[in-house]
Amino acid sequence: MNIEDHKKKKQIAILGSTGSIGTQALQVVEEHPDLYEVYALTANNRVESLIAQARKFQPEVVVIANEDKYAGLKEALNDMPVKVYAGMDALCQVVEAAPIDIVLTAMVGYAGLKPTMSAIRAGKAIALANKETLVVAGELVNELAQQYRTPILPVDSEHSAIFQCLVGEFGNPIEKLILTASGGPFRTCSMEELQTVTKVQALKHPNWEMGAKITVDSATMMNKGFEVIEAKWLFGVRPDQIEVVVHPQSVIHSMVQFGDGSVKAQLGMPDMRLPIQYAFSYPERISSSFERLDFSKCTSLTFEQPDMRRFRNLALAYEAMHRGGNMPCIVNAANEVVVDAFLKEGIAFLGMSDVIEKTMERASFIKNPVYEDYVATDVEARRIASEFVRSSCV
């Protein structure tokens, strides 16, 4: 390969490379070795997976967020010309590296906020898969992106769908964003059945392959609630302009209704590699070997309204969005605590919503938070939610 070819390749940093989004992003890179090159890979705890990825893709840098795993990682990659770092500060510094063109933020939860902000300040294009970044601090992140003229390209399938529907529509008034939801594995369950849902049942999503945390969020519909909040910040619309519709087939990934009443939809197979690739290649569409939608097999598309009585997390997310300030940050922190507890079988499925609601009532509300307020809110809300989980006062 000559130097010019090397320069043409987009250099990509993948934050959370060992997770579901990260591994699929590497498949996209692998499919287009002439267009993309991995500059940095990061993980939180999965050191063995990170070692295997580093050996295969040979990035310039790898970072393990858990500093206890650093020695093993460093030793395992001693024979390779790879720089090895550990800790959150290293993560935030790596995304600022000059050669990087795109930072894919595929970390799970609140942990994605700080490195995403660092990447924005460094002027890197953000391929955003970490929805909590905008849920927790959407206003702050948007202000930073405008200040540093940094593009934020959505990777969530729903937000990518809306983004694709809006291409070529600049200046045309948006009447409504319609986010589709699969409804998860318990769409047709009664309240009585939901009371006995187990971790094993919750981790069986009907359409998507995802990590444990986001799969549980999908089962409770908190994931959709977070997507509603994220859509508000990504597309600059009012809360009352965002609608959720349950679409069990997951073929239509979302829709936009315009001022003239016309509705545009984006369709495709439920494959996260498609929105990942679009974020990497935008504004171009490049070929792929991914499975195509076959309308001879896909003969029925159905829609229904979400039941916010059975799936209270969606209602709580809407409430947090309407209240604004640090309330979405409170909801996110409480949700991370209860999902972790549920995965450890320390709380019932329906009990998660109870804890989130009570944490919203007790945590300190700040109407106009700054970054330090978000950090303090996250700590306080986690403490309160943990107390509710331990005491079972739900």
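Which residue in strand 10 stands opposite leucine 177? Select leucine 177 and look across to strand 10, where valine 256 stands opposite.

Before going on, note that this is a predicted model, in which local features need pLDDT of at least 70, side-chain atom pairs count only at pLDDT 80 or more, and totals for chains, interfaces and linings use all residues. Residues are numbered from 1 along each chain as its sequence is written, and side-chain values use heavy atoms, with hydrogens and water left out.

**Stop 1**

Select strand 8 (residues 174–181) and strand 10 (residues 252–258), which run antiparallel and are joined by 5 bridges. Strands here are DSSP runs of E with at least two residues, helices are runs of H or I with at least four, and both are numbered from the N terminus. Two strands pair if DSSP finds at least two bridges between them.

Leucine 179 has valine 244 in strand 9 as its bridge partner.

Now show the whole open sheet: 4 strands in the order 9-8-10-11, with mixed pairing. Strand 9 and strand 11 (263–267) stand at the edges with a single partner strand each, so one side of each has no neighbour in the sheet. On average, neighbouring strands of this sheet are turned by 20° against each other, direction ignored.

Next select helix 8 (residues 157–166), which lies across strand 8, strand 10 and strand 11 and runs at about 40° to strand 10. Axes are lines fitted to C-alpha atoms, for helices over the stretch in contact, and angles run from 0 to 180 degrees between N-to-C directions.

**Stop 2: helix 11 against helix 15**

Select helix 11 (residues 212–220) and helix 15 (residues 327–343), whose axes are 10 Å apart and packed at an angle of about 100°. The two helices, helix 11 and helix 15, are therefore roughly perpendicular to each other (the class covers 65 to 115 degrees; under 35 is roughly parallel, over 145 roughly antiparallel, the rest oblique).

Show side chains for Ala212, Lys213, Val216 and Asp217 in helix 11, which meet Asn335, Glu336, Val339, Phe342 and Leu343 in helix 15. Contact means heavy atoms within 4.5 Å.

Stay on helix 15 and pick asparagine 332. At 0% relative accessibility, asparagine 332 counts as buried (under 20% relative accessible area; exposed is over 50%, partly exposed in between, with a 1.4 Å probe and protein chains only). Leaving aside neighbours within four places in sequence, asparagine 332 is in contact with Tyr110, Glu132, Val135, Val136 and Phe226.

**Stop 3**

Select strand 1 (residues 10–15), where 5 of the 6 residues are buried. Strand 1 pairs with strand 2 (residues 36–43) in the parallel sense over 6 bridges, and lysine 10 has tyrosine 36 in strand 2 as its bridge partner.

Finish at phenylalanine 280. Not counting residues up to four places away in sequence, phenylalanine 280 touches Lys10, Ile12, Ala25, Val28, Val29, Tyr36, Ile102, Leu104 and Ala127.
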